[in-house]
Amino acid sequence: PQETLRTALAVGADRAVLAEVGEGVALGPLEVATALAGLVGKIQPQLVLLGKQAIDDDCNQTGQLLAAMLDWPQGTFASRVQLEGGSVRVEREVDAGLETLRLRLPAVLTADLRLNEPRYATLPNIMKAKKKPLEVIPAADLGVPAGPPRLRVLQVQEPPARAGGEKVENVPALVEKLRSCGRI
Amino acid sequence: MAMAWRAAPRVAARLALGRRGIASCIDPSVGLTEDQKEFQKVALDFAAKEMAPYMAEWDEKEIFPVETMRKAAQLGFGGIYVKPDVGGSGLSRLDTSIIFEALSTGCTSTTAYMSIHNMCVWMIDTFGSEEQRRRFCPSLCSMEKFASYCLTEPGSGSDAASLLTSAQRKGDTYVLNGSKAFISGGGDTDVYVVMCRTGGPGPKGISCLVVEKGTPGLSFGKKERKVGWNSQPTRAVIFEDCAVPVGNRLGAEGQGFSIAMQGLNGGRINIASCSLGAAHASVLLAQEHLTVRKQFGEPLANNQYLQFGLAEMATRLVAARLLVRHAARALQDGREDAAVLCSMAKLFATDECFLICNQALQMHGGYGYLKDYAVQQFVRDIRVHQILEGTNEVMRMIVARSLLQG
């Protein structure tokens, strides 16, 4: 994890904080949101930017949970973000298309793929990254409860293999088939 | 049907994402510091996104990718081992080798030119006066301007010290007459680092002058048509009563040959590093092809002869890489035997990597011969690495001399 933070510093971040969790502790969105809420308490930011969902569990919950804990407005699946004084204008990718919101700061945003292209680190910034502060805080200090995870994955299975389709001769036969399957 | 042209960017992307598994024995990040891994990551990313998708087009249309190189310069690749006070990145020779090796997976020809450019900026940075460093280096580090290294002439290649381009002192100028051959970037670049004769015969009569494009009396020959390195123009550089201010001389009169050779020590490591990148990409291309292509009812990868071939390629690659990095460290540390090690590294790596790329082409069968497939471009682009910056024959001369006279 320190490597990931150093890369972020190399790309332009000013400082990094690592909330350290013990070996083998499983973190779900609730635990991560709790830790972030603790960090927000320490750092007092105006804006929290998260990914919209993690690639391992695909939960899409952390940002929303955090906003609820802090009682802050949330702009999730953000594909465009513009700061406007004391508020932020967010374009969200939703199923129906694009939704634009204006949120009063402080706020929580989660990033969609289309938000931007990550910039390259530059060689001088990679070297400067070593000197930028990286603080390590035990997760327990941020209020993350010790103990077993509250969520346990019982089973993961593939969807059933698709049965083959069937060709019909003409439209009346199609309608008949659909009726007999109960589709219409 | 085996894979198509898109293979090169996909292979470059695999390298950039650092996918382990089968390829971990040839992983180029082994043994590197955290910082070096970061440099390598940036360079691999850049190669995968900004170079690999275009390397075929640049080769076919003979495009000198100025904008892409300037983007690279913004990341610090314009003066990698040049001092930061004039815009360089101040990194070591080993860092430089790692970076060029990574960039070369995206486009070997363009990376090789960038290494020549870097070599020229370093020469000005190291041997130039404060005034010269400040005048030339910043715009070269940003690649606002490009540089060329001018040593070889029609009559003097391996016998570089016999060069004939003369620079006659006239007041506060040198007047140059003569011509240089095979100059990478010639005609398109802005700053020419020229080795010319100010004194008597032999190396001690040679000085180094910086000549700027647009100087009256400076002209260029036709663009050469080459087997590879097509993303950089190659032309003769011609001097006809070309007057250059004395203030453009790097170092002292008679120091030019030494400056040229010291530049080449680094240049040799850089060229060797470019070969390493091409070879690595070719190994991955071959590995992928062997798993996908089937003959006689099975993937080619089930064939022991080809398995052995791939193993040999991987072994050569790692051996070559180790020697190049060893030489880079020696040069950085200023060891007495550094120049000899650089020659060994250049000799070994360029020869071995050509064998690797050529074998990868063979493994592709007929497809390897088509320009739709990237492997042939790696072969064509690195073939010349066995010839320039000192032929591999001259590299042997340097090593033999050190063993028999040293």
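How many cavities of 30 Å³ or more does the structure hold? In this predicted model, the structure holds two cavities that reach this volume, and the largest cavity contains about 50 Å³ of space.

The lining of the largest cavity is made up of 10 residues, and those that lie nearest its centre are B:Pro28, B:Leu44, B:Glu101, B:Ala102 and B:Thr105. Two or more lining residues are given by each of three elements of chain B, namely helix H2 (34-51), helix H5 (93-104) and helix H8 (256-292), with the largest share, three residues, coming from H8(B). When the lining of the largest cavity is sorted by class, five residues are nonpolar, four are polar and one is charged. At the level of domains, residues of both domain 1 (3-141) and domain 3 (257-405) of chain B contribute to the lining of the largest cavity, which therefore lies between these two domains.

Helix H8 of chain B also contains B:His280, a residue for which a relative accessible area of 3% was computed; because buried residues are those under 20% relative accessible area, B:His280 is classed as buried.

Methods: Residues numbered from 1 in each chain as written. Chains lettered and ligands numbered in written order. Predicted model: local features only at pLDDT ≥ 70, side-chain atom pairs only at ≥ 80, totals over all residues. Heavy atoms only, no water. 1 Å grid on protein atoms, 1.4 Å probe; cavity = no way out; pocket = protein on both sides within 12 Å on 5 of 7 lines; lining within 4 Å. Points joined across faces, edges and corners; volume = space filled by probe spheres on them. Helix = DSSP H or I, 4+ residues; strand = E, 2+ residues; numbered from the N terminus. Nonpolar A, V, L, I, M, F, W, Y, C, P; charged D, E, K, R; others polar. Domains from an automatic or database assignment. Buried < 20%, exposed > 50% of the residue type's maximum accessible area, 1.4 Å probe, protein only.
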